[in-house]
Amino acid sequence: MAQNGTMIRVDHVTKSYRRDSIEIPVLRDISIDVPPGEFLALMGPSGSGKTTLLNLIAGIDRPNAGNVVVNGTNIGDLGESDLARWRARHVGFIFQFYNLLPVLTAFENVELPLLLTDLSRKEKRDHVEAALRLVGLGDRIRHYPKQLSGGQEQRVAIARAIVTDPTILVADEPTGDLDKTSAGEIMDLLDRLNKEFKKTIVMVTHDPRAAERAHKAMHLDKGELTS
Amino acid sequence: MKIPLKYMWRSLWTRRLTTLLTLGGIALVVFVFAAVLMLSNGVQQTMVDTGADDNVIVLRRSANSELVSQIDRDAANLIRTDPGIATGPDGKPILSTEVVVIINLMRKDVDGMGNITVRGVSPEALVLRPQVKITQGQMFRTGSHEIIIGTSIAARYRGTGIGEQIRFGDAMWTVVGYFTAEGTGFESEIWGDVEQLMPAFGRPVFSSLTFKLRNAGDYEAVKTRIQADPRTQYTEMKREKVYYREQSQLMSDFIRVLGLIVTIIFSVGAVIGAMITMYAAVANRTVEIGTMRALGFRRRSVLGAFMIESVFLALLGGGTGVALASLMSFVRIATVNFSTFSELAFGFTLSPGIVISSLVFSLVMGFAGGFLPAVRAARMNILAALRSA
Amino acid sequence: MFIIKLVMKNALRHKLRTALTILGVAIAVMSFGFLRTIVTAWSAGVQASAENRMITRQSVSFIFPLPFSCLEQLQQVPGVTEVTYANWFGGVYKDAADFKNFFPRIAVDPETYFSLYPEFIIPADQFAEFKKERNACVVGAKLAQEHGFKLGDIIPIEGDIYPGHWEFVVRGIYHGRDQSTDETQMFFHWDYLNERMHVESPGREGLVGWYVLSVKNAADMPRVAKEVDERYKNSRSATKTETEREFQQSFLSMSDAILSSLEAVSYIIIGIILLVLANTIVMAARERTKEYAVLKTLGFSAFHIAGLIAGESMFIATTGLAIGLALTFPLAMGFAKAFPTFFPVFNVETITVVIAVAVALSAGVAAAVFPVTRAMRMRIVDGLRSID
């Protein structure tokens, strides 16, 4: 449940990386507000910090300064195992290279996040089948990733991302490895998830056509928002 | 374990060649480990089973084996009268006065000789040792120069055919039968009439006596009586089983110690093989590990997954090794027993304890090999792992 | 050469993996060397046999004695230069269950035994003292060291073959002339044994365990053996005469089952070396499939690629071999110190080293066979496409 109409608040966040005792700043005092149901695109050149910002929102990285509050929870306050649990419940990930486990079938890949829940076997199966049907792959359940095309793999990945009905969806260059047609299909899917299912989506992308499908675009350059 | 087992099993299967090579290494080590224990067990089994619970052997005090023991007739006659000794249907005490010597015979398989135990026995010997059965021919006649040969010796040595004659101790001895003894030490011996063998070997005294107790519990009472009499004070009594266990101790300890030293040293090699495999598996699946962590699986689940894979691999290898070792049960080895200095044939005996130790051993190897790589997998930083794609 | 540099860099890319593989090979080589040393040590007695010595014993088996009267007759056999005699005394020293307390205790004729066995070197003054005293004895240097025997110490033995309580005074400590000489034996006066038998068991006096003959010409040995055995063939004390080497060999062959088993295990170790090495090389080659394809596009031939793979394999094999061999020697020495009476002679033989080298090098080649074949057959296009 959103508070004050904000789903994600990034509050004066700074992040730098250490390399051989040199500090390289990546994000400088960034603040953004993402209302619930928003479809936000983060854009910018290489090294602008957009992926880092995405990682902070998703809870797989921590800022050096500032807060990240998602749906009322300051995730900086959470310890590591709590953060893991939080991610499992609240975040759906979509990666550029799909990141499916090659030894698991489409069904099993989608089922993976559910293994962290207490659902019964039947309940799990129902959720998985629903997710796969939603992304249009109801008939490819037993296939292994290497038997699927890039577009199909990404759809499995999206099914995995939504199977636990997470609070937010986080996508890192979701169409980066796809041809024009498949990219279009994926963006259609994301669009539908946003409009029909009211999912808040934050997406990093290079692709202007992908960015077009989002509601709003923010630009970063050298760790600062430029628009 | 939140991460499904099928993930681990299939990951092993995907890199089949490497998995099989590692499994092979562990199987080999466990095979040797189990075989050594089986051999040591086999020696003890053969020797210990040679003795019976209610039989007692009498030797000269502090003689380590029958070969160096001497018991004179007077002492033998005195012991014979003890009421604690069982009697046969004919009323005679079930006691065998025996003389033990070693002779050389030519081997069939290689150009060489072996030391064979020749045992002069009384007719009661067959009653004392019911496991001894004549399989071919017949028992030697008392008072004759006939001998019977244990089947293990008959198989390995020349000139032992039924009807053939062997020369030793200044006389010719005719082979009239073969006997088995349920795989115990007697099968590696030659038996003849003690009263004929003694003069032939110029031995005026016996090597030992063996008798059957009327009641197995009378042992201490009989021992006290015999020890008390000054004429038999120089003798020493032992339960037959205890005596034979001592006769095999040296041999079985030697085999076990040597075998275990060697096995443990090269088990380190197998563990290293497993470690290399697991490190490679971790390196290969860095992106997978990062993905699972991102999805919310905890570090300990990742640790557990890789440990389970490693242990599973090792148990599989260990099971294979034990299975192969169990085939050794069909093999019999004959060699010189360090304590009696004569030939003894024994086999590889598997026991539940050996199976369990072998599997535990492989478990330990799997644990040792998988631990460090699993820790590396668990400690991975999510971002670094995802970025490595 | 560039290839060598590339091989080294490749190997060092995965330092941990390379180090582990080298360690695995090293340990396997060390076990191999150790096992084979046990096998060769077991047959050390055969090695130490002198060229011109023969042993005459009772033909039925060694536990039957020969009469002392044979001595003169043996001395007269043509070709025989010297004869000595000895009895195996046995007996029990302290706790018989501790194998450390088992060492050869032999009754000999001091005048003749040591001239037939020049490899036992006793200082002249000690030898003189030894000859003077009836119950004096001479012990080997390793034996003295292990039990702390010093000149003047009394060694008490409980006889078993020759029953009774016996005490011997250490008057000499001998050293072995060669590396293969047994320094764990104890010798005392045969006359002392005989005198006591005269008093305690008259039936057993004048009996000798075995005779040792020295033959001038090695070519005469078969004839001497035949002549001696023929002479006694039909007597109560039929003899068997053979060269010392044959005599030792016959004891050895009685344990051949164990020796064969040890050898079999050493072959299994070779298998393990191979598996560990092959495992790593297969993995390494597979990871670099794309790189090999790139090299091929640059113009490097399939043989160059094979050289890279085989080179890495050989590098690991030889490094592991070197370390393993280096470790074998201290391991053997430690074992020899811990169990000196079990294996009186325990040296790592040259042949063991040679075999270990051959094994490791062959393993290095064999481990590379499969990945090399794969790399040679791979088409550049497939290689570039591969993602591992």
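In chain B of this predicted model, 83% of the contacts between residues at least 6 apart in sequence join residues at least 24 apart. Chain B holds 12 helices and 12 strands, and 53% of its 389 residues count as buried. As for overall dimensions, a compact globule of 389 residues would have a radius of gyration near 21 Å, whereas the value for chain B is 30 Å. Taken along the principal axes, the box filled by the C-alpha atoms of chain B is roughly 95 × 50 × 30 Å.

Chain B is divided into domain 1, made of residues 5-48 and 247-387, and domain 2, residues 62-233. Between the C-alpha centres of these two domains of chain B there are 46 Å. Where the domains touch, 13 residues come from domain 1 of chain B and 15 residues from domain 2 of chain B. On the domain 1 side, α2 (16-50), β11 (332-336) and β12 (343-347) of chain B each supply at least two residues. The most is given by β12(B), with 4 residues. By class, this side of domain 1 of chain B has 6 nonpolar, 6 polar and 1 charged residues.

Chain B also meets a neighbour: 17 of its residues are in contact with 18 residues of chain A. The elements of chain B that give two or more residues to this side are α1 (5-14), α9 (286-295) and α12 (382-387). Of these, α9(B) gives the most, with 5 residues. The side of chain B that touches chain A has 9 nonpolar, 4 polar and 4 charged residues.

Buried along α9(C) are M221(C), V224(C), A225(C), V228(C) and Y232(C). These residues lie on the same side of α9(C), because they cover an arc of only 100 degrees around the axis. On the other side of α9(C), the exposed residues are P222(C), K226(C) and E230(C). The packing partners of the buried residues of α9(C) are both strands and a helix of chain C: β1 (53-58), β3 (80-88), β11 (210-215) and β12 (239-243), together with α4 (70-75).

Conventions
Residues numbered from 1 in each chain as written. Chains lettered and ligands numbered in written order. Predicted model: local features only at pLDDT ≥ 70, side-chain atom pairs only at ≥ 80, totals over all residues. Rg over C-alpha atoms; globule rule 2.2 N^0.38 Å. Buried ≥ 20, exposed ≤ 12 C-beta atoms within 10 Å, placed from the backbone. Contact = placed C-beta atoms within 7 Å. Arc of directions from axis to C-beta. Nonpolar A, V, L, I, M, F, W, Y, C, P; charged D, E, K, R; others polar. Domains from an automatic or database assignment.
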